[in-house]
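Here's a quick look at one model, taken in two stops. Have the viewer open and follow along.

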Amino acid sequence: MNQTLAAPLPVTLLSGFLGAGKTTVLNELLNHAGGLHFAVVENEFGAVNIDSQLISRNQGGIIELTNGCVCCTVNADLVRGLQDLAAQRASGRLSFDWILIETTGLADPGAVAQTFFAAPELRDDFMLDGIVVVVDALHAGQQLDQHPVVQRQVGFADRLLLAKCDLVDPAAIVELSERLHGINPRAPQQSLQQGRAEPGSLLGIGGFNLDSSLLAADSGSPSPARFVPVTAPAGVRWSRRAAVHDDEISSFLLEAGEVDLDRIGTFVQSLIDELGDELLRYKGILAIPDEDRKLIFQGVQRVAGFDYGEVWAPGEARTSRIVLIGKGLPEARLREAFRGAADAAGPSDDTPLES
């Protein structure tokens, strides 16, 4: 890889179930790029309509993964495609500022995300900025019930885009927003207008940055501020009692005071070892005794990273918080194990999550 590139290339992953409207969102983004040039990695060649002339006009390029699958933890075709794009950019054959990956509607975004952290060839030259998931508001209720991959797509998302809202009763949109919030409370939602998202809302997300930004998961009613601009119409109130859905994917918040460094390390390692296949996304901000900086970590399934971030502000409560999003996670057992790491004076006893 040419080492003259000043900074890693940012990458946005666009996902969503079959027919949700991903390509419409992609073309709208390309058509209103605000001066940015894009390269597109297309994982559904022959099944969707990509306007190649529009890409050429932006002096970008299209890489087609014709096997229709990016389901491996480290996908060789994806790695080679990205390396080829970067090489063409470095040589001057292509000019682009950003890479957009559109997955097939049946793809699990986690496999793609893990590639950026598990493949050594990508770590220094590419930066996964965020996962954007398009939800078909007209069919989402049925799809969430019948297709587990739709729940997983929602669970991985940094942004949720609700398409076809003009075809759905406003009260049903509110109910859907509540359900999506129950699966993934950390992903802001917005309704699309002719496939167009709010300007600037899809790029520069920083969804995989090791920083102190963290949206709290809670068990209360969702705040309308989290749905941008999906809001309750006049006469419709937010209420989780309107409908009950037995979704496999859910999220919750672990919270404590300061945590022992050794014990929290054991907790996280046990979390990955025992529940890595069920975890989708997780992120934590931890307060370590006698450490002025916040310890930040986040992960995708079995791939996690740690780093020290900003200094705790004077008077700021030194609170440790972890948001977990996953399938069938044992919440009570995890809460107990996390509490065991709080305020521990001695070294870790290497107690696993299992009691």
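Which side chain makes a polar contact with the side chain of Asp158? That would be Arg186, at 2.9 Å; a polar contact here is a pair of N or O atoms within 3.5 Å where, within protein, one must be able to donate a hydrogen and the other to accept it, and residues adjacent in sequence count only if both atoms are side-chain atoms.

Some ground rules: this is a predicted model, where local features need pLDDT of at least 70, side-chain atom pairs count only at pLDDT 80 or more, and totals for chains, interfaces and linings use all residues. Residues are numbered from 1 along each chain as its sequence is written, and side-chain values use heavy atoms, with hydrogens and water left out.

Asp158 sits in the loop between helix 7 (148-156) and strand 6 (159-163); helices (H or I, at least four residues) and strands (E, at least two) are DSSP runs, numbered from the N terminus. With 2% relative accessibility, Asp158 is buried (under 20% relative accessible area, 1.4 Å probe, protein chains only).

Next stop, strand 10 (residues 293-300): seven of its eight residues are buried, so the rest of the structure largely encloses it. Its pairings (at least two DSSP bridges between two strands) look like this:

Strands 9 and 10 form a hairpin with six residues between them, and Asp290 in the turn has a positive phi of about 65°. The hairpin of strands 10 and 11 has two residues between the strands, with Gln301 at a positive phi near 55°.

Notes: Buried means under 20% relative accessible area, exposed over 50%, partly exposed in between (1.4 Å probe, protein chains only).
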